[in-house]
Amino acid sequence: MKTCITTNKVLTDDFVEFKCPGCGERIARSLDARRRSLEYKCKSCGFAGA
């Protein structure tokens, strides 16, 4: 089960998944968090983005 890295909510079909620009780890974010440009931080390398 995937969770949003920003909000920690369980993701179903309303999310995007991409590679961390810093280390390549897969990151999943809800479309709402992305639309609102909420900050996220990679759990593997600490890369921060919005």
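Which residue forms a salt bridge with Glu17, the closest N and O atoms being 4.0 Å apart? Arg26 does. The model is predicted: local features need pLDDT of at least 70, side-chain atom pairs count only at pLDDT 80 or more, and totals for chains, interfaces and linings use all residues. Residues are numbered from 1 along each chain as its sequence is written, and side-chain values use heavy atoms, with hydrogens and water left out.

**Salt bridges**

- The structure holds four salt bridges (a side-chain nitrogen of Lys or Arg within 4 Å of a carboxyl oxygen of Asp or Glu).
- One of them links the side chains of Lys2 and Glu17, at 2.7 Å from N to O.
- Lys2 sits in the segment before strand E1 (15-19) and Glu17 in strand E1, so this pair ties together parts 15 residues apart in sequence.
- Strands (E, at least two residues) and helices (H or I, at least four) are DSSP runs, numbered from the N terminus.
- Another salt bridge joins the side chains of Arg36 and Asp32, at 3.0 Å from N to O.
- Through shared partners, salt bridges join Lys2, Glu17 and Arg26 into one network.

**Exposure of the charged partners**

- Buried means under 20% relative accessible area, exposed means over 50%, and partly exposed lies in between (1.4 Å probe, protein chains only).
- Lys2 is partly exposed at 35%, and Glu17 is partly exposed at 34%.
- Arg26 is partly exposed, with 46% relative accessibility.
- In the other pair, Arg36 has 47% and Asp32 has 34%. Arg36 counts as partly exposed, and so does Asp32.

**Arg29, a buried charge**

- Arg29 lies in strand E2 (residues 26-30).
- Arg29 is buried yet has no salt bridge.
- The nearest side chain of opposite charge is Glu39, 9.3 Å away. Lys and Arg count as positive, Asp and Glu as negative; His and the chain ends are not counted.
- A polar atom of the Arg29 side chain lies 2.5 Å from the backbone oxygen of Leu38.

**Aromatic pair**

- The structure holds one aromatic pair (Phe, Tyr or Trp rings, the six-membered one for Trp, with centres within 6.5 Å).
- The ring centres of Phe18 and Tyr40 are 5.8 Å apart and the planes stand at 75°, so the pair is edge-to-face. Planes over 60 degrees apart count as edge-to-face, under 30 as stacked, and the rest as tilted.
- Phe18 lies in strand E1 and Tyr40 in strand E3 (residues 40-41), so the pair ties together parts 22 residues apart in sequence.
- Phe18 is partly exposed at 22% relative accessibility, whereas Tyr40 is buried at 7%.

Conventions:
A polar contact is a pair of N or O atoms within 3.5 Å; within protein, one must be able to donate a hydrogen and the other to accept it, and residues adjacent in sequence count only if both atoms are side-chain atoms.
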